[in-house]
Amino acid sequence: KMTQQMRDLQLAQARKPPGPSSPNAAKRLYRNLSGKFRVNYTSFDEGSLVGRGEKEKLRKSYLFQSNAALFEAVEMQDLDRVQDMLKHYSPEELDLNTPNSEGLLPLDIAIMTNNAPIARALLQAGAKESPHFVSLESRSLHLSTLVREAEQRVNELMAQVVNEAPNADCSEKEKQLKAWEWRFRLYKRMKAGFEHARVPDAPSSVHLSVASSSSLQVTFWEPLSVNSAVVTKYKVEWSSSPTFSPLLGEAVISKLKDLHFTIQGLVSGTAYHVRVSAYNMKGWGPPQASVPPCAIPSNWREYDGRAPRRRGQAEALDHLLSQVKTVHQHCICHEPCKNQPQSRKHSVSKSLKHLFHPGSKFLKTLKRGLYLTAIFYKDDNILVTHEDQIPVVEIDDTYSCLLMQDFLWLTKVSCMWDEILWLRQCVTVSQSSCSCILQTRFKMLLAVSQMQGLLGIQDLGQVFFEPIKDKQGNILIVTLKEVKTNQTFESVRWVPVCKLQTSRKSVSSPEEPTALDMLLISIQDKLAYHQRSSHALSPGLYLGYLKLCSAVDQIRVLVPEQLPNILCHVKIRSNPNISREEWEWLQKMASVEDPVPAEPEADRSQNPLFQELQVAIKELITLVNIPLQEAKDFRLYSQEVLDFGDQVSFLLLLPPSDDVCTAPGQNNPYTPSSGFLTLPLQIFELGEER
């Protein structure tokens with residue numbers, strides 16, 4: 001018999017005893033395992049185990065119980081329990097794709113009972129169908145055999161219960177009878193589900209887009225009708241012929257968490273036709289052709305052969321820096337600079353002891369001058385000195401007015417904290433000119449070097465986009481760095497931010513707080529800004545809004561508070577690539593006088609980018625609180641697509657040319673009132689690079 005052969009095969013492979021086979025048995029198993037789903041096997045006391053083998057035996061026992069419980073949960077259609085086990089066990093620990101003694105996998109039971117929610121949960125966890133069902137005939141024969149054997153077993157037990165006198169053995173036989181009756185009903189339901197099922201319909205929609213000059217992206221959706229059987233995989237086929245003869249390639253997709261596929265290795269400039277079909281236990285359904293029916297791999301740069309803007313820039317900057325270092329090799333302090341990397345090898349935990357050294361030069365109060373403070377935080381805690389003070393060092397006690405150019409220069413220096421000693425030596429040599437600017441910047445480098453030495457940390461983090469100024473003449477430059485390591489540092493004091501804010505005794509009045517008090521009051525906002533400025537966008541094509549405003553000494557750019565390292569934006573689509581055909585259309589639109597020309601309805605339906613842009617522009621205009629009638633003269637920047645790596649790209653929406661940058665004192669109708677802030681352009685550029 002086929003069932004017996006599968007059982008023999010299974011016993012030879014795994015030697016696994018059968019799991020509980022009744023609802024009551026499953027409930028008892030659930031109760032017994034309720035406290036064991038989250039067991040950490042490495043947490044057992046090694047001394048309580050005789051050896052490694054005994055520990056491994058105990059672990060396998062738990063895993064077997066969880067595997068048996070998974071089968072029972074699927075059979076009883078307990079979705080919550082299935083999801084709980086998939087969450088706390090890996091597929092390997094559950095033996096998710098190892099057949100039981102009946103030759104079935106959990107996914108087989110779910111799809112043959114047409115339990116779509118459980119089947120989808122199993123598929124997303126990596127479950128597969130049994131490899132023993134190589135044909136429809138073999139599956140049908142196997143199910144018929146299971147039903148027949150279960151019915152035979154029920155009849156045998158029923159006869160024994162009827163003919164035997166009531167005793168302990170009879171009571172046990174009655175329990176077995178109930179269990180087999182339940183299993184008989186399960187197998188009949190599975191057999192009926194298989195017999196009534198048909199192949200699935202074609203996927204409801206297949207969208208084809210150009211991913212690059214050598215790839216296409218296919219996105220598809222489930223069939224509207226699966227014909228009483230869950231779809232377990234999809235097949236993507238592609239060809240240069242609309243008849244798909246010859247077929248150039250195909251791919252079977254069994255991981256159904258995301259229904260999309262990227263066809264790689266295609267020839268640029270060649271049109272490819274794509275279709276997708278779905279599969280269930282009855283076989284492959286009819287294919288669905290893509291929309292559009294074909295696409296040509298390309299990229300917008302092929303329109304005029306333009307090279308990437310940033311190609312070779314990093315290498316050129318490294319080369320320029322090495323040339324500068326070569327010129328300054330005559331510095332008398334150059335030799336100590338060579339020893340700098342060795343000092344960095346010292347343990348951070350040892351170096352942080354300087355925080356508690358009586359001779360440290362951290363300041364407690366400010367006395368009219370320019371200062372530097374470094375904020376290191378982890379979760380809701382902040383690093384403080386032994387006197388519960390945020391580390392502060394003096395830059396210049398005679399400096400009462402911070403020039404914006406000096407501040408922006410320091411923000412650039414923050415990109416090379418590990419080169420401070422070398423920069424300081426070079427500025428020292430250059431001081432023969434007695435430039436006030438060089439004097440100030442040299443003092444900034446000295447303060448940075450002092451902070452690094454006292455903390456024992458080279459990287460002071462990111463400079464906050466504006467210094468803190470008080471009415472007493474103090475200016476405080478703030479750096480922020482998140483400590484993500486779980487390492488525990490010796491003698492370091494981490495203090496909750498809220499405790500530091502409440503315990504500090506202010507020496508100023510609420511009307512005229514000092515820069516340190518202003519820092520503590522606003523520290524939560526600064527930490528939130530720092531965290532948000534490190535967030536990255538998900539892959540896709542975005543529409544950004546470029547709005548500048550100028551002041552006497554700087555140009556500022558409008559950004560959202562929630563993502564200050566990126567322009568105000570909305571997402572157009574998940575595919576970041578602009579194809580050559582799409583770029584040609586954008587150039588055509590830019591060449592006409594009407595900013596948004598009316599296209600025939602037929603052309604619009606054939607141009608997905610037109611529809612996507614219409615939706616994105618309306619959404620962006622609403623986001624920045626600009627009335628639609630005031631945005632009628634806005635235009636798309638058509639000189640280039642802004643690429644940020646391979647996964648994120650931007651199209652820019654610009655106000656009228658006279659209003660892109662607002663001059664001081666000029667009425668600014670295109671700047672939203674809330675939820676946004678303006679950053680100095682240089683700070684924004686550094687944020688992009690980070």
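The exercises below work through a few local features of one structure.

This is a predicted model, in which local features need pLDDT of at least 70, side-chain atom pairs count only at pLDDT 80 or more, and totals for chains, interfaces and linings use all residues. Residues are numbered from 1 along each chain as its sequence is written, and side-chain values use heavy atoms, with hydrogens and water left out.

**Exercise 1.** Describe the surroundings of Arg 556.

Solution. 
- Step 1: Arg 556 belongs to strand 18, residues 555–560. Strands (E, at least two residues) and helices (H or I, at least four) are DSSP runs, numbered from the N terminus.
- Step 2: look for a charge partner. Arg 556 is buried and has no salt bridge. Buried means under 20% relative accessible area, exposed over 50%, and partly exposed in between (1.4 Å probe, protein chains only). A salt bridge needs a side-chain nitrogen of Lys or Arg within 4 Å of a carboxyl oxygen of Asp or Glu. The nearest side chain of opposite charge, Glu 466, is 4.3 Å away; Lys and Arg count as positive, Asp and Glu as negative, and His and the chain ends are not counted.
- Step 3: look for polar partners. The Arg 556 side chain makes a polar contact with the side chain of Gln 554 at 2.9 Å, and it reaches the backbone oxygen of Thr 678 at 2.6 Å. A polar contact is a pair of N or O atoms within 3.5 Å; within protein, one must be able to donate a hydrogen and the other to accept it, and residues adjacent in sequence count only if both atoms are side-chain atoms.

**Exercise 2.** How do helix 4 and helix 7 pack?

Solution. 
- Step 1: take the geometry. Helix 4 (residues 79–88) and helix 7 (residues 116–124) pack at an angle of about 5°, with axes 10 Å apart. Axes are lines fitted to C-alpha atoms, for helices over the stretch in contact, and angles run from 0 to 180 degrees between N-to-C directions.
- Step 2: classify. The two helices are therefore roughly parallel to each other, a class for angles under 35 degrees.
- Step 3: list the residues. Leu 79, Val 82 and Leu 86 of helix 4 meet Pro 117, Ile 118, Ala 121 and Leu 122 of helix 7. Contact means heavy atoms within 4.5 Å.

**Exercise 3.** Where does Gln 77 lie, and is it buried or partly exposed?

Solution. 
- Step 1: Gln 77 lies in the loop between helix 3 (52–75) and helix 4.
- Step 2: Gln 77 has 38% relative accessibility, so it counts as partly exposed.
- Step 3: its phi is near 60°, a positive value in a residue other than glycine.

Definitions and conventions
Angles under 35 degrees count as roughly parallel, over 145 as roughly antiparallel, 65 to 115 as roughly perpendicular and the rest as oblique. Lists of a residue's contacts leave out its neighbours within four places in sequence.
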